[in-house]
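Keep the structure open beside you as you read.

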Amino acid sequence: MYGFGIAKGMATTFKQLFRRPFTVQFPEEVRTIPARARTNLLWFDERCTGCSTCAQACPDGCILVETRPTPDGRLEKVRYEIDFRLCMYCGLCVEACPYEAIQAGGPLDDAVYVFDHMWRDKRALTRMAREYLGAHDNVYPNGMKAPFDDDRAEAVRQIA
Ligand code: SF4
Ligand code: SF4
């Protein structure tokens, strides 16, 4: 039955010739990404207490949290940084955070020409988070509604 197998193989090959290619010219061209795809890490300042659990859970040591106590007993987040040059997107920080302040989602854009651009500080992370919420009706990747309206989101977006 060699002849049948070859004909079947050739038919499959022939069919592929007329299909549209599945590949896209990334990063210039980006596919539509489902809202809950594990594309990146989003950090939501308004949910974060500065407890550093995420930093302790990260096996690569790419999260830096620096805090100082405030008179009312909270922690002011002086620095919050994620070094995506080291991150392997394992999601352990997401699982560890007790407040769901860091969640998987966001842009699929970690293809860069300058490696250092993959280090993001509080400001860059806040901008990313606001852009995400702006594009998703103020709904976090986990499906919860963010606790502010569009006006406040726009104001914070401008600050970031
Ligand atoms: S996804 Fe993994 S490697 Fe990246 S910051 Fe979180 S714990 Fe660290
Ligand atoms: S992101 Fe979560 S685990 Fe990390 S400091 Fe903020 S509240 Fe704590």
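## Buried or exposed?

A residue is called buried if 20 or more other C-beta atoms lie within 10 Å of its own, exposed if 12 or fewer do, and partly exposed in between, with the C-beta atoms placed from the backbone. Phe 44 has 22 other C-beta atoms within 10 Å, so Phe 44 is buried.

## What kind of model this is

This is a predicted model, in which local features need pLDDT of at least 70 and side-chain atom pairs count only at pLDDT 80 or more, while totals for chains, interfaces and linings use all residues. Residues are numbered from 1 along each chain as its sequence is written, and chains are lettered from A and ligands numbered from 1 in the order in which they are written.

The score pLDDT is the predictor's confidence in each residue, from 0 to 100. The protein averages 89, and 92% of the residues score at least 70. Helices and strands here are DSSP runs (H or I, at least four residues, for a helix; E, at least two, for a strand), numbered from the N terminus. Confidence is highest in helix H2 (residues 53-57), at 98, and lowest in H5, at a mean of 51. Where pLDDT is low, the predicted coordinates should not be read in detail.

## Two helices to look at

How far should a helix reach from end to end? The expected span is 1.5 Å times one less than its number of residues. Helix H1 (residues 2-17) has 16 residues and should span 22 Å; its end C-alpha atoms are 23 Å apart, which agrees.

Now try helix H4 (residues 122-135). Its 14 residues should span 20 Å, and the end C-alpha atoms are 20 Å apart, which agrees. H4 does have buried residues, among them Leu 125, Met 128, Ala 129 and Leu 133.

## The nonpolar core

In soluble globular proteins, nonpolar side chains tend to be buried together. A nonpolar core is a set of buried Ala, Val, Leu, Ile, Met, Phe, Trp, Tyr and Cys residues joined through C-beta atoms within 7 Å. The largest one here has 21 residues, and those with the most contacts inside it are Leu 42, Trp 43, Phe 44, Cys 93, Ile 102 and Ala 129. Strand E1 (41-43), strand E3 (75-83), H3 and H4 each give two or more residues to this core. The largest share, five residues, comes from H4.

Two residues are in contact if their C-beta atoms, placed from the backbone, lie within 7 Å. Leaving out residues up to four places away in sequence, Phe 44 touches Ala 101, Ala 129 and Tyr 140. You'll find Phe 44 in the loop between E1 and H2. With residues up to four places away again left out, Cys 93 touches Cys 54, Ala 57, Cys 58, Ile 63 and Ile 102.

## Around the ligands

A residue is near a molecule if its C-beta atom, placed from the backbone, lies within 6 Å of it. Of the 14 residues around ligand 1, Cys 58, Cys 87, Cys 90, Leu 92 and Cys 93 come nearest. For sorting them, Ala, Val, Leu, Ile, Met, Phe, Trp, Tyr, Cys and Pro count as nonpolar, Asp, Glu, Lys and Arg as charged, and the others, Gly among them, as polar. The shell around ligand 1 has twelve nonpolar, one polar and one charged residues.

The residues surrounding ligand 2 include Cys 48, Gly 50, Cys 51, Cys 54 and Cys 97. This shell divides into eight nonpolar, four polar and no charged residues. Gly 50 lies in the loop between E1 and H2 and counts as partly exposed, with 19 C-beta neighbours inside 10 Å. Cys 51 is placed in the loop between E1 and H2, and Cys 51 counts as partly exposed with 16 such neighbours inside 10 Å.

Which residue has a positive phi of about 50° although it is not a glycine? That is Glu 100, in the loop between helix H3 (92-96) and strand E4 (102-104). With 14 C-beta neighbours inside 10 Å, Glu 100 counts as partly exposed.

Asp 137 sits in the loop between H4 and helix H5 (150-159) and has 10 C-beta neighbours inside 10 Å, so Asp 137 counts as exposed.
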